[in-house]
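Opened the notebook for a quick pass through this one. Below is what I looked up, in the order I got to it.

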Amino acid sequence: MKKSAMIVIVVLAAALGVVVYAVYSMRRAAVMRGRAPSQTVSTVRTQIAATATLHDYINTNGDIEAVNSVSVYPDIGGKIVSTNVTLGSPVRRGDVIARVDPSEPGSSYTLSPVLAPINGSIIKTPLKVGTKVTTSSAVTTIGDIASLQITAKIPERYVASLRTGLKAEISLEAYPDAVFAATVTHVSPVLDVNARTKEIVLTFDENDSRINAGMFGKVKLYTRDYGGAVALPSDAVVTKGDKPYLYVVKDDDTVEQREITLGQSVDGVVQVLSGIEEGERVVVEGGQVLSNGAKVRDISSAVRGKE
C-alpha cells in the first residue's frame, strides 16, 4: 500500500511540473510577442543630392610657340662664317642675323648678310658657323614671344568634339602649382593619316612672363558639359540584377531603395536622371550592405555639422 502511494505522489509531482513549465513557456512567448525585434544598425555616409554640371575633357600635350613666326633664309648658298644672335636675342627688321660666304675654291666673293625680315626674338637656335647652307636652308626662326600659342594633337576618336572656342587649362613642369587658361583658336581641317590625330592651336587668354616659347605643356581640354541633373559619386550606386539603385535616408533613419536611371559619368561622378530628387539625403558610402528599410547611422561630416 505504501509503495502504491509513493508512485501516485511521484506521478502527481511530475504532472505538476509539466503544467508549471507549460504555463511559464506560454507567458514567456506572450512577452516576446509584445516586444519589437532588434534591428541591426548600419553605419553610412550620406550626401545631399544636388544638381551639378559635369565637365568632360581630354588630356593631351603640346608645344608652346610664338603665334607669329618666320623662318629666315639666306639670299645665296655658301658657308656661314659668322652669327650675330643667339636663342632669345631680340631683333628688329633689317638687323644682320648672320653672314654667308658664297666663295668657291679658287674664287672670292663678298660676304652675303642674312637679314631679319620682321621684329621679334630668335626662337630657334641659329645654325652654327661653318654650316653649309642653300637658299632653302633656314638659318633660324624669328617670332613674337609676347604672343604665344600651344599646338596639340588630338586622337581621332575625339575629333567629333573639337571646335574653336573650347576652353583648356595648361600646366607647365616648371610651375606645377599654376594653371594657365587658353582657348582653341584653330582646328586643322585634315587628319594626320599616319598618327591618326588632328592638330589644334590654343591661344593663351592672358600674357604671362612665366610662359616661354619652346616649353612643353600639359593640356586639359574641356569638350562638353553635362548639366540639368543630380550628380552623385559613382561608388554610391548599388547594382542588383543589372539594375542600378540608390538608398535614400528617411526621417526615421531607415533607408528606401530607389531604382534610378544613370546619365553621363566624369571623374567618378555620375548623373542621376531619375529616381532621386534634389535635396534628398542619399547614402554614398556603405550602401553595398543595405536593403530596403534597413536602419542606418549617418557619420558624414554634414550631419555632424547640423548637430
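This is a predicted model: local features need pLDDT of at least 70, side-chain atom pairs count only at pLDDT 80 or more; totals for chains, interfaces and linings use all residues.

**Entry 1: a salt bridge to start with.** I began with R258 and E280, whose side chains form a salt bridge with an N to O distance of 2.8 Å. R258 sits in strand β18, while E280 is in the loop between β20 (269–274) and β21 (281–285), so this pair ties together parts that are 22 residues apart in sequence. Buried or exposed, I wondered, for R258? R258 has a relative accessible area of 17%, so I put it down as buried. E280 comes out at 19% relative accessibility and counts as buried too, because the cut-off is under 20%. I also noted a network here: D253, R281 and D298 are joined by salt bridges that share partners.

Entry 2: How many salt bridges does the rule give? The count comes to eight. One that I looked up is E199 with K153, where the N to O distance is 2.9 Å. That pair links distant parts of the chain, with E199 in strand β14 and K153 in strand β11 (residues 148–155), 46 residues apart. On accessibility, E199 is at 29% and counts as partly exposed. K153 is at 43% and is partly exposed as well.

I then checked R210 and D208, which meet through their side chains in a salt bridge of 3.0 Å, N to O. R210 has 32% relative accessibility, so it goes in my partly exposed column. D208 belongs there too, with a relative accessible area of 26%.

**Entry 3: positive phi.** R196 has a positive phi of about 55°, and it is not a glycine. I found R196 in the loop between β13 (175–187) and β14 (197–204). Its relative accessible area is 38%, which means R196 is partly exposed.

D253, already in my notes as a member of the salt-bridge network, turned up again here. Its phi is near 65°, a positive value in a residue other than glycine. Where is D253 placed? It is in the loop between β17 (243–249) and β18 (255–259). With a relative accessible area of 34%, D253 is partly exposed.

**Entry 4: T140.** T140 is placed in strand β10 (residues 140–143).

**Entry 5: whole-protein numbers.** The protein has two helices and 22 strands. Of its 307 residues, 33% count as buried. For contacts with a separation of 6 or more, residues 24 or more positions apart account for 69%. The protein exposes about 19000 Å², and carbon and sulfur atoms supply 52% of that area.

Definitions and conventions: Residues are numbered from 1 along each chain as its sequence is written. Side-chain values use heavy atoms; hydrogens and water are left out. Helices (H or I, at least four residues) and strands (E, at least two) are DSSP runs, numbered from the N terminus. Buried means under 20% relative accessible area, exposed over 50%, partly exposed in between (1.4 Å probe, protein chains only). A salt bridge is a side-chain nitrogen of Lys or Arg within 4 Å of a carboxyl oxygen of Asp or Glu. Contact means heavy atoms within 4.5 Å. Accessible areas come from the Shrake-Rupley method with a 1.4 Å probe; for residues, only the protein chains shown count as cover.
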